[in-house]
Amino acid sequence: MKKRIKWIAGKLLRMGLLLFGVSVLSFLLASASPVDPLQTNIGQAALGAMSPEQITRLESYWQVGTPALERYLRWGADLLRGDWGTSLLYRRPVLAVVGERLANSAGMLACAWIFSGVLGLLLGMLAGLYREKTAGKLIHRCSLVLSALPTFWLGLVLLVVFAVWLRVLPIGLSVPAGMEASIVTGGDRLRHAILPGLTLSLSGAASITLHTREKMTEIMASDYFWFAKARGESTMLCIWRHGLRNLLLPAMTLQFACISEIIGGSLLAEQVFSYPGLGQAAVTAGLGGDFPLLLGVTMACSVLVFLGNFAADLLYGVVDPRIRKGGSAA
Amino acid sequence: MRRILALALALSLSLAACAAPAPQTRSANSGDQVTAAISIESEPEAGFDPVYGWGAGEHVHEPLIQSTLTVTMPDLTIANDLATDFSVSEDALTWRVSIRDDAYFTDEKQLTAKDVAFTYQTVKQESSVNDFTMLREVRVVDDVTLEFVLEHPYSAWPYVMSTIGIVPAHAYDAATYGQAPIGSGRYLLKQWDKGQQAIFEANPNYYGVAPKIRRLTVLFMAEEAAFLAAQAGQVDVAYTAAAYAAQAPSDYSLLVCKTVDNRGFNLPAVAPGAVTAQGVPIGNFVTADPAVRRAMNLGIDRQALIDDVLDGYGTPAYSVCDGLPWQSPQAVVFYDPQQAQQLLDEAGWVRSQDGIRVKDGVRAEFSLVYPAGDSVRQTLAAAVAAQLGTLGIAASPEGVGWDSAYDRALSQPLAWGWGAHTPMELYQLHHTQSESGLALYTPYASEAVDRYMDEALASRDLEQAYTLWQKAQWDGQGGIVQDVPWLWLVNIDHLFWVRDGLTVAEQKIQPHGHGWSILNQIDQWSWKS
């Protein structure tokens, strides 16, 4: 038990260090960015009609000319006190903007993530099982193509097929256009989440499929698998008894590692589907030189990714007793 | 990138079309409703608050939710809205404005001079996009009269009054107003789903003519998504780009809006030698020669640029304010490569063996700097460089970041984009600054031009001011038109898909920025029944 607490404490410490590292790195990157917040947010043409006094005032609002170190220290000190700062673009607290965006896309992202895992695992097993058959080859090739396709491109194709050609699904947004919030139903939201969710899960599932297929092939060629078959167990029973646990390990690692990919991919998919998620806020903040918001989004994503990996670490123990922490000594 | 995407989209769409005829589903929108898709960047991040840029700033458009003191007409002259009358004092420093007494906010409180004063005081202190340093104070005379006292004469004041929506003094809280605006305009904000759409409804208490379109839904979409939304028949109006223009969705037609959204190069008009206080070199030997600048103005085939770079969707630009009331008609030049060559010959620029002209041992060469990442300006720079080559001028395009672009522009031509609904732009681009003695963005100075523009600002009559702005450009002997401190190339058309049967109201010449402007007169749009 003590070991376990120590292990968790160690993990949390690592998370703290990771967040610190991420914040320093993103701050450095953002400071090195050539984006001039006045140019992008006020516009060169509007600046042209402004007096130098006004420009000086705006420069101080956008903190142009404040040394990066000073800005970072100020931001860090505020954060330690629990203040995430105020978004320069949205003029609202960063936490409120991030929370709102996360709430918008969290459901869609979670569905996409779970679906990609389940789909990837199933397809991977099938592809491994029917390696030499047409079905297996087809799955393999499709996965290769899918994993090579850029997410936004896949999104566009799905839009063309389902929204333009078949006209069965909406063109984008998370709610029906022009509909008042009070009469938007869960069904409406679901309908609007299908295409972005599908896009993300298809591109996420591809790599899981490919890895699971490899592992499946390996297992099917293993001595213990052959031995089980020789004893007269059916293929399905063999997979259930001897294959699944071994398959789950790499699949899980990938599944949790791909949280970052889903978040990253959502950035592009949201643009295509006009979906108001965290990715859209990150793009706006990054291009608009909105430091507090950009850092807020980055930190929120880092926490999510870290928690994903942490959950994977915990689950390894559940799936495979050999890795169980603290238990191995007993 | 955009072209490839457009092409690929077209391909997949035509495949889809071959596979099965698209079912003709018409969206529910008709009668008195409009759904419009505009760019994601058009969504006002800080909300629908005039103080933080709604309706004002770089992309000036009518704020719809709020009303303004004056409005600009389709020909960009000034008319009254909330104001019933305005006049300026003898010394041109005090503007006295009377306002109507029948305007009510959507919370049913009357709009009075106090609200107007409050709005202008707030924008003066807080505005993130507008410059109010010329405003000294606002005095409330009575409920329907107020006075703006200025620091210096400013004849463009009526244009300022056309951009700022009036907010209620009794219900304004900077933290929340943008999310739930209260105004006295034609529409009220029914709902705002951040990052996706804003829904407007006609204001039942509006003092003017009741809007024909009772409900407006504005979707914020990426260019491809907006195009697909039109393809799918889910929007009535969608912004688009030239790359898509050839692929009209069925039941839609292309609306081409003329603009003053211009692109052009500044031409440093002084010889090198000096440096700024920060040590940035000023001046360029080649462009310092007025003959070179004039030859470039004559020798650029603007129509070719429009055809090659903009797929034909643009108009030739001859000034920063094409088609606006303060533009001089003399600014227009006709493409004349022979005369351009002759000008260069006469000025002593002789062709060397490699075809590049040389004068006093200096070769006619410079960089055409453009902001990296702006594909239109990059292509323009390349096309202009190719055209200048035939004149014997070696210009090499060079992409830079905005952090160094301003500095570089002091010694090399830089590709700019301007176009505002105020004559102040003409002023800021050409008037000298007191410290440097040169204009702000490009080294250029002309006493006569300065004098005309100062007179224009001090003028008490808009018509007279227009004439003076025009004289700064050409007074019969000289001016900006003759000096060519800026080489204007093209005005970029703004393109939209409009569903057949929807009549879009007459458009003002649209300013820089492709967004809300199309909806300025949304209240006057109509559907054919």
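Two strands pair if DSSP finds at least two bridges between them. Strands (E, at least two residues) and helices (H or I, at least four residues) are DSSP runs, numbered from the N terminus. This is a predicted model: local features need pLDDT of at least 70, side-chain atom pairs count only at pLDDT 80 or more, and totals for chains, interfaces and linings use all residues. Residues are numbered from 1 along each chain, chains are lettered from A in the order written, and side-chain values use heavy atoms, without hydrogens and water.

**View 1. An open sheet of 7 strands in chain B.** The order is β8-β9-β10-β1-β11-β22-β12, with mixed pairing. β8 (187–193) and β12 (252–257) are the edge strands, each pairing on one side only.

**View 2. Strands β8 and β9 of chain B.** β8(B) and β9(B) (residues 197–202) run antiparallel, joined by 6 bridges. B:Leu189 stands opposite B:Phe200 of β9(B).

**View 3. Contact of helices α11 and α12 in chain A.** Here, contact means heavy atoms within 4.5 Å. α11(A) (residues 235–273) contributes A:Leu267, A:Glu270 and A:Gln271. From α12(A) (residues 278–288) come A:Leu278, A:Gly279, A:Gln280 and A:Val283.

**View 4. The interface of chain A and chain B.** Chain A gives 52 residues to the contact and chain B gives 63. The buried area is about 4,800 Å², 57% of it from carbon and sulfur atoms; this is accessible area (1.4 Å probe) lost on putting the two parts together, summed over both. The rule finds 2 salt bridges across the interface (a side-chain nitrogen of Lys or Arg within 4 Å of a carboxyl oxygen of Asp or Glu). B:Lys194 forms one with A:Glu100, with the closest N and O atoms 3.8 Å apart.
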